Amino acid sequence: MFDTFCLSSKLLKNFIGHGNYVNSIDCLTFNDDQFICSASSDGTVRVWDVKTSKQIQLFNGHSLPVYCVKFSQYHHYSNHFNVICSSSDDKTIRFWDFKHNKQLQIFNEHTGTVCCIEFSSFSGGKYLCSGSEDKTIRLWDVETSKSLHVFNGHTDIVRCVDISPLQNNNNSNDNKSNSIGMIGGNGYTICSGSWDKTIRIWDIETTKQLIVFNGHEHHINSVKFGSNELVNIILSGSDDKSIRLWDIRSGQQIRLFNGHTSYVCAVEYSPFIVNNNEIGGSSSVICSGSWDNSIRFWDIRSNKKELYVINESNNGYNEILCLKFLQIKKNRKDNNDGGCSINLCYGSINGLIHIWG
């Protein structure tokens, strides 16, 4: 599948409307409809229909640039609402009902820019984590709109956060009462990346800092937990132009990927697998987007040169700020059609959102 992607993929769609940097994107499939939401330095949050490439909603309640946006899994599964959550330079986190075009909750306890947000994989997405210019990470209860805990330890801006993926052996805990220490998040952790050049792991249940990873030489812009067999691996990207992998069990850096010529703004685990003949067996593929106008794919088990590069240099100012994989449903023309294809959605500083596949 990865070979096919490399050989035959191309730019499929552009979403045009933002007037400034596209800082964040997220994707949602609802019944037969697929949506993208986006956050921009133009101060707006927008929703797009993937099939038509049309903008279907615009929210301009933030008073300053918007840095992160997520579809709310909690509202989607618990209340069957299509709700977006966004964070901004105006120090607020806001929730938007995009079907009924209205603003819902506002979280406003951070004292600086809210750079990043992430919903929990456990408890049906009931918990939200946020990182801020005020150097703190907060955990929120979306249902009650309360801040449950403030994690202190970083000495500079918290630029990115992630929450560890769902653990199958912990489903029995999901219905615990929901005060801090009784979240039902036993074993779950928060990962945060900061401009203080460190990545930190925090235990949600005990609220304690567990690990500090040192190694990046500049601001950290993106961190991601792996899933399945990679559940103990952290992926990170930095202004030092590198992508790195970290092992939570050993507390050590295990891979370093060099090749970008400018800041690495976004990293993601891809759905692709490749054969690694040198090591034997198969390897997962990771993906990185950079200020150097390129998106690069890397073999997770090899420190060698990138596997594939999407180069956007020919399209003017197209520095890559965010990316997300999306399985786009096809129109089934025959019984042999697989039904969907893997595509890459990414946003850039020129205000455009692209789908490549």
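The following legends describe close-up views of a predicted model.

**View 1. The largest pocket and the residues around its centre.** The largest pocket holds about 1300 Å³ of space. Its lining comprises 38 residues, of which Glu118, Phe225, Ser227, Glu268 and Lys324 are the closest to the centre. At least two lining residues come from each of β2 (22-30), β6 (66-71), α2 (73-79), β10 (114-119), β14 (158-163), β18 (220-225), β22 (264-275) and β26. Strand β22 gives the most to this lining, with five residues. Classified by residue type, the lining of the largest pocket contains 16 nonpolar, 14 polar and eight charged residues.

**View 2. The second largest pocket and its lining.** The space in the second largest pocket is about 790 Å³. Asn23, Arg159, Asn221, Cys265 and Leu321 are the closest to its centre among the 35 residues that line the pocket. Two or more lining residues are given by each of the elements β2, β6, β10, β14, β18, β22 and β26. The lining of the second largest pocket divides into 20 nonpolar, six polar and nine charged residues.

**View 3. An open sheet of four strands.** The strands of this sheet follow the order β22-β23-β24-β25 and pair in the antiparallel sense. Strands β22 and β25 (308-311) stand at the edges; each has a single partner strand, so one side of each is left without a neighbour in the sheet. From one strand to the next, the twist averages 20°. Within the sheet, strand β23 (residues 282-290) and strand β24 (residues 294-299) run antiparallel and are joined by five bridges. Cysteine 287 stands opposite phenylalanine 297, a residue of β24.

**View 4. The hairpin formed by β12 and β13.** Strand β12 (residues 137-141) pairs with strand β13 (residues 146-151) in the antiparallel sense, over five bridges. Aspartate 141 has lysine 146 in β13 as its bridge partner. Four residues lie between the two strands of the hairpin, and serine 145 in the turn has a positive phi of about 65°.

View 5. Because its relative accessible area is 14%, and buried means under 20%, isoleucine 328 counts as buried. Isoleucine 328 and asparagine 343 are separated by 15 residues in sequence, and their C-alpha atoms are 6.7 Å apart in space.

Conventions:
Residues numbered from 1 in each chain as written. Predicted model: local features only at pLDDT ≥ 70, side-chain atom pairs only at ≥ 80, totals over all residues. Heavy atoms only, no water. Buried < 20%, exposed > 50% of the residue type's maximum accessible area, 1.4 Å probe, protein only. Pairing = 2+ DSSP bridges. 1 Å grid on protein atoms, 1.4 Å probe; cavity = no way out; pocket = protein on both sides within 12 Å on 5 of 7 lines; lining within 4 Å. Points joined across faces, edges and corners; volume = space filled by probe spheres on them. Nonpolar A, V, L, I, M, F, W, Y, C, P; charged D, E, K, R; others polar. Axes fitted to C-alpha atoms, helices over the stretch in contact; angles between N-to-C directions.
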